[in-house]
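User: Could you walk me through this structure? I would like to start with the charges.

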Amino acid sequence: MEKEPAVIQTASGPVRGRDAHTFLGIPYGKASRFCPPEPVYWTGVRDCSEFGSVCAQPNFLGVKPEGVEFQCLGSEDGLNLNIWTPDANPDARLPVVVFVHGGGLQTGSNQHPDRTGEHFCGVRDLVFVSVNYRLGVLGGLYLGHLLGKEYGRSGSIACLDVLEAIRWVKANAAAFGGDPERITVMGISAGAKVIASLLTLPEANGLFRQVWLESGATQAMRSKRVAEAITQGYLAHLPGKNPRDLLTLPAEELVRAQAELCNCPYSTVFFGAVLDDGVFSSRWQERWEAGEGWKGRAVLGSGRREMYAAAHQPGFPEQAPEIFSGCFGKAGGDAALADARRLLAEHPEEEPADIWTQVYSDYMYRAHTDRLAFRLMRQGNPVWLYSFEFWPGNHGLGMAYTMRMGTAINGSARHFAAGGTPQTPELPCWKPLTPEAPRKLYFDQQPSVHGARGDALERVPEYNYNA
């Protein structure tokens, strides 16, 4: 028989769940437009039996689909999280997984039906949390140069939201049966990019001890100059508007202009942490090289054919110069085009679309994932690296398997959350990276372990992303 809805006392106020195991739409912060989140409190028991609002977003990502009319979904009051727990007893001390969704930093939410505690762990063995964060211009439009110091952190709001959510989870984990010292933060795509950006902040040390990241690393971090240029491009879609009008315009109008800005084949590179030496330091790599980086355990992975769907679109080779330049900046775009043309000439027996897929995937995701893995390793962290090989191995497929109970990679992720290692009896010997043995696990029908170098890391230069 299902237990009665439970009331849990959090640091923000009391919440009543859907039942004894499920608590939905719990506010973790207050969102004032273009400002970092603030703590939120209430006095009476808050009903948390249904999902909260999603954060304001367009009803499509990137290029507007033909025949689809624009809609603004959600609201600006979307800073909430969902918790699934098998045992809301402070003495349970269960491991905690905090999941950060993807969506190009423009769309998505913590309500995805396949990204729940029921799917990941069956609401047993651990506490599962999924979070919302502000998206698009409301989560990443840089305005410090136009509106002053008060809005100097506006370009990094999405990251600050996730940071606040993790702080809330750490402060309240025990009330839901979780162990605040055993928090694993997991993310896919944009979510992984947000988490990787947080790893560069000193305050991340000690806040969470483990990360599992797929298809995302530090490549979304933008220079102040790039962030300012994106803002100028965005304002062109609001003709006649003064920058201060952004503070009062309806959210729908802001999101509509965002959809117009992002109506291009390289739409997913517009937003991310800003290296303005306010929140995020432009010298974070130097700090890491001095041994001052994040300390913890990490599992990082990417799909074999991340960009399969895009690179197999008709006319992709003709569009590639524009797409690569938009995604990787001029230097990176030129390098990717040269790489593709060289591989096409060297391998005439290969299907051209497969070579375009390899190059696009390596430059967009795989090299960044591998590079972050080796940087974390050099900090003295245990780091496990994997490649998701199941056909077609495209973007997000690995996380779909990770979230599905009964798969080898799901068992590995749960084992990592509980015990600090992804090794399970079902997998071949998967050891952390070392300079002498840079090994990678290849998740396929028959998982195998072999050399990590040679995929993308040595071939793809470290270009200035979106420069």
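Analyst: In the count of charges, Lys and Arg are positive and Asp and Glu are negative, while His and the chain ends are not counted. The place of a charge is taken as NZ of Lys, CZ of Arg, CG of Asp or CD of Glu. This is a predicted model, in which local features need pLDDT of at least 70, side-chain atom pairs count only at pLDDT 80 or more, and totals for chains, interfaces and linings use all residues. Residues are numbered from 1 along each chain as its sequence is written, and side-chain values use heavy atoms, with hydrogens and water left out.

User: How many positive and negative side chains are there, then?

Analyst: The protein chain carries 44 positive and 51 negative side chains. The centres of these two sets are 5 Å apart.

User: How much of the chain is buried?

Analyst: Buried residues form 58% of the 467 residues. Buried means under 20% relative accessible area, exposed over 50%, and partly exposed in between, with a 1.4 Å probe and protein chains only.

User: Which residues have the most contacts inside the largest nonpolar core?

Analyst: They are Ile26, Phe208 and Tyr234, in a core of 98 residues. Helix α4 (residues 157-172) gives the most to this core, namely 10 residues. A nonpolar core is a set of buried Ala, Val, Leu, Ile, Met, Phe, Trp, Tyr and Cys residues joined through side-chain atoms within 4.5 Å. Another core, of 28 residues, lies apart from it and includes Val123 and Met399.

User: What does Phe208 touch?

Analyst: Beyond its neighbours within four places in sequence, Phe208 contacts Ile166, Ile183, Val185, Leu199 and Trp294. Contact means heavy atoms within 4.5 Å.

User: Changing topic: is Thr200 buried or exposed?

Analyst: Thr200 is buried, at a relative accessible area of 3%. Thr200 sits in the loop between α5 (190-198) and β11 (210-214). Not counting residues up to four places away in sequence, Thr200 touches Met221, Phe280, Trp284, Arg287 and Trp288.

User: And what does α7 pack against?

Analyst: The buried residues of α7 pack against β5 (57-58), β6 (72-73), α2 (136-140) and α6 (224-235). Helix α7 covers residues 251-261, and its buried residues include Leu254, Val255 and Gln258.

Definitions and conventions: Helices (H or I, at least four residues) and strands (E, at least two) are DSSP runs, numbered from the N terminus.
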